[in-house]
Structures are given as structure tokens and as C-alpha cells.
Amino acid sequence: MSLPPLDDLIACPHCDTLHIERALPEGGSARCVRCGIVLVTRRSDALVQMVSLACAAVILMMAAISFPFLDINAAGFTNETSVLSAIMAFSSGNGVPVAIAVALFIIVLPLTRLLALIYAVGPLVLGHKPRPGARIAFAMTEQLRPWAMAEIFMVGVAVALVKITGMAQVTIGPAFWAFVTLVIITIFNDRIMSRYTVWKALDLTSRD
């Protein structure tokens, strides 16, 4: 049995299962038969949704690093902590590598990935041709996906809160909820993102 032409095959970006491309009706989507991730969409608002969620995530990231994260009260002493102050706490001596790693994986890389997505797909939403380097920017979003670890940070915070609440009174600040919403939006955006659709749109518009 011979395989169809390579141009007619779609590889799942999550589990590498090969699928044959089929024409989809307007509003339809195709998912991987093995893992269920979205492969192709044919919705006029798909790119708009991706960019809108990315813009919302950037705003939430700014709020998460600007506002108080936790307020800890123990034995009459109160300490208000933000994400930036937590990073700066490790910024001297042997803690410098930890501070750099936390800043990279929690702030710099997730923010870079979001901005690269907006840079690559934003012009398509407005009906313009892709900006120079749009393909490189979108490829960067894929390369940075495993290294943007905001959700891992929140898991660590949740574990720490379970231990701290038994020793001190903890008040959750607005930055905490901004980070939670940011993680949910990012996971949802990654889940619904049709990478094949984006690549195809970049190719078609760049040829016009």
C-alpha cells in the first residue's frame, strides 16, 4: 500500500501521528485520533481568538509581576511578596543562578513566546501580509513551549501554600489570581491552537 503525497499528510505536533488532510466545512475542526489535540481548523475567527488570548495573557503577565502576590502574617510580622521581590531575594551570592532561572522560565520565556505569537499572527488578523521574520517568530513560539513554565511555578506555589498556611496567615494577592488566569488562558490557547492552520496562513499570505 503506497502512502499519499507528503503534502497531503499532517503530523500531530503532540504525538506525531500521521493523518491525511481532508477538506473541512466552515466552522469545522479536525483532531488527532490518538491524543485529541486540534490539528486543523476552518473558522474565520480562529486566528482572532489566538491573538486575543495572547494579548490577554500579556496583560495578565504585567499584572502578575506588578501587584502583590502573597501577604504573609506570622507572630505579628507582615511580609508582602511579589514575583519580582521573590526573584530579587535570590539575586546575591549562590542564589544568582536560581534567580536567573526563575526569571527566565517564569517571566522572560513565557512573555517572549506570547509576544512572538502576536508578532507572527497579528497582521494576519488585520488582513495584512506577515511581518518580516513571522515564520521565525512562530517557530520560536513552538520551540519555547516546553520551556515556558508558568504552570509549574503555580504548582510549586500551591504546594508551598499548603505547608505555610499551618504556620502563618496567608492572604492571596491580585498577582496570584492574575497568574492563575494566565496559566489557564495559556493552556487553553495551546490546546485549541491549530499550528498547521497558522503555517498554512503564513505561507498563503506571504505569496500574495
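The buried residues of helix α6 are Ala175, Phe176, Ala178, Phe179, Leu182, Val183, Ile185, Asn189, Asp190 and Ile192, where buried means under 20% relative accessible area with a 1.4 Å probe, protein chains only. This is a predicted model, in which local features need pLDDT of at least 70, side-chain atom pairs count only at pLDDT 80 or more, and totals for chains, interfaces and linings use all residues. Residues are numbered from 1 along each chain as its sequence is written, and side-chain values use heavy atoms, leaving out hydrogens and water. Helices (H or I, at least four residues) and strands (E, at least two) are DSSP runs, numbered from the N terminus.

**Helix α6**
- Helix α6 covers residues 174-192, and its 19 residues should span 27 Å at 1.5 Å a residue; the expected span is 1.5 Å times one less than the number of residues.
- The end C-alpha atoms of α6 are 27 Å apart, which agrees with that span.

**Helices α3 and α4**
- Helix α3 (residues 96-125) packs against helix α4 (residues 134-144) at an angle of about 145 degrees, and their axes are 8 Å apart. Axes are lines fitted to C-alpha atoms, for helices over the stretch in contact, and angles run from 0 to 180 degrees between N-to-C directions.
- On the α3 side, the contact (heavy atoms within 4.5 Å) is made by residues including Leu109, Thr112, Arg113 and Ala116, and on the α4 side by residues including Ala137, Phe138 and Leu144.

**Leu109**
- Leu109 is found in helix α3 and is buried, with a relative accessible area of 17%.
- Leaving aside neighbours within four places in sequence, Leu109 is in contact with Leu104, Leu144, Trp147 and Ala148.
- Leu109 and Pro146 are 37 residues apart along the chain, and their C-alpha atoms are separated by 10.0 Å.

**Sheet β6-β5-β7**
- An open sheet is formed by 3 strands in the order β6-β5-β7, with antiparallel pairing; two strands pair if DSSP finds at least two bridges between them.
- The edge strands, β6 (77-81) and β7 (169-172), each pair on one side only.
- From one strand to the next, the twist averages 15 degrees.
- Strand β5 (residues 70-74) is joined to β6 by 5 bridges, and Asp71 stands opposite Glu80 in β6.

**Hairpin β3-β4**
- Strands β3 (residues 29-31) and β4 (residues 38-41) run antiparallel and are joined by 3 bridges.
- Ala30 stands opposite Val40 in β4.
- The hairpin has 6 residues between the strands, and Gly36 takes a positive phi near 85 degrees there.

Technical notes:
Buried < 20%, exposed > 50% of the residue type's maximum accessible area, 1.4 Å probe, protein only.
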